[in-house]
Amino acid sequence: MIGTVNRVLLVLAGLVLLVVGGAVLATGLGVSVPSWWPFDGKDDVLLSRGDRYRWRDEGWWWPAVIAGLAVLVVLALWWLLAQLRRARLAEVLVDSGDGQGALLRGRALEGVLGNEARTLDGVSEAKVVLTGRRTAPQARVRLLLEPHAAPDQALRGLADEALAHARTSAGLDELPAEVRLKAVKHRAERVS
């Protein structure tokens, strides 16, 4: 998702800069512009002194400016933090015993781990994402538990079966996992 957001933001910023820059260039070259355009000649400035001081005495001006800038800062910080998040692990390095090693697709290991976790008693749905380095992967697991499930048994089954099998098959010394449990929403049963 972050790649899509980056592309959209870059396209929007590029379009705005292209339109404004093209209009300023066209005006500077003497092409006629619409009447609402802020300046209309080679010697004109984008914002005149009168335009800059026009709203200063209005009571709503500075709160609006500060609120707008605060929104921009929050959005910029959100974007920066999104860039720093770890991406999904593309491949895991498996020790093949010949000194070369083999690469296992991260999605394949996620799929196997998720399928095995779904077979556990009381687990309705399982989603797995691998993060970390390819020599030291980490798993983030989300389990959706059925109403009758015991969370401790589901967690123990995940650790003893699914994660243990993944760790053994990939030849890893350890496979740390962060597990989030959530219960399936169901309607209340009517008692008569």
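Analyst: Among the contacts in the protein with a separation of 6 or more, 49% are accounted for by residues 24 or more positions apart, and this, like everything below, refers to a predicted model. Buried residues make up 20% of the 192 residues, while the protein exposes about 14,400 Å², of which carbon and sulfur atoms supply 59%. The elements, five helices and five strands, run α-α-α-β-β-α-β-β-α-β from the N terminus on.

Against that background, a search of the whole structure finds four salt bridges. One of them joins the side chains of Glu-91 and Arg-134, with 3.0 Å from N to O. Because Glu-91 lies in strand S1 (residues 91–94) and Arg-134 in the loop between strand S3 (123–132) and strand S4 (137–145), this pair ties together parts that are 43 residues apart in sequence. Glu-91 is partly exposed, with a relative accessible area of 28%, and Arg-134 is likewise partly exposed, at 38%.

Another of the salt bridges is formed by Arg-156 and Asp-152, with 3.8 Å from N to O; since a salt bridge requires the nitrogen to lie within 4 Å of the carboxyl oxygen, this pair counts as one. Here both residues lie in helix H5 (residues 151–169), four residues apart, which is about one turn of the helix. Arg-156 has a relative accessible area of 46% and is partly exposed, as is Asp-152 at 45%.

Arg-180 also forms a salt bridge, its partner being Glu-178, and the closest N and O atoms are 3.0 Å apart. The relative accessible area is 47% for Arg-180, which is partly exposed, and 39% for Glu-178, which is partly exposed as well.

For contrast with these charged pairs, the surface also carries a nonpolar patch with about 800 Å² of accessible area together, whose members include Leu-9, Val-73 and Trp-78. The largest share of that patch, seven residues, comes from helix H3 (residues 61–84); Val-73, which is found in helix H3, is partly exposed at 48% relative accessibility.

Methods:
Residues numbered from 1 in each chain as written. Predicted model: local features only at pLDDT ≥ 70, side-chain atom pairs only at ≥ 80, totals over all residues. Heavy atoms only, no water. Patch = residues over 30% accessible without salt bridge, like charges linked within 9 Å, V, L, I, M, F, W, Y side chains within 5 Å. Areas by Shrake-Rupley, 256 points an atom, 1.4 Å probe, with all protein chains shown as cover. Helix = DSSP H or I, 4+ residues; strand = E, 2+ residues; numbered from the N terminus. Buried < 20%, exposed > 50% of the residue type's maximum accessible area, 1.4 Å probe, protein only. Contact = heavy atoms within 4.5 Å.
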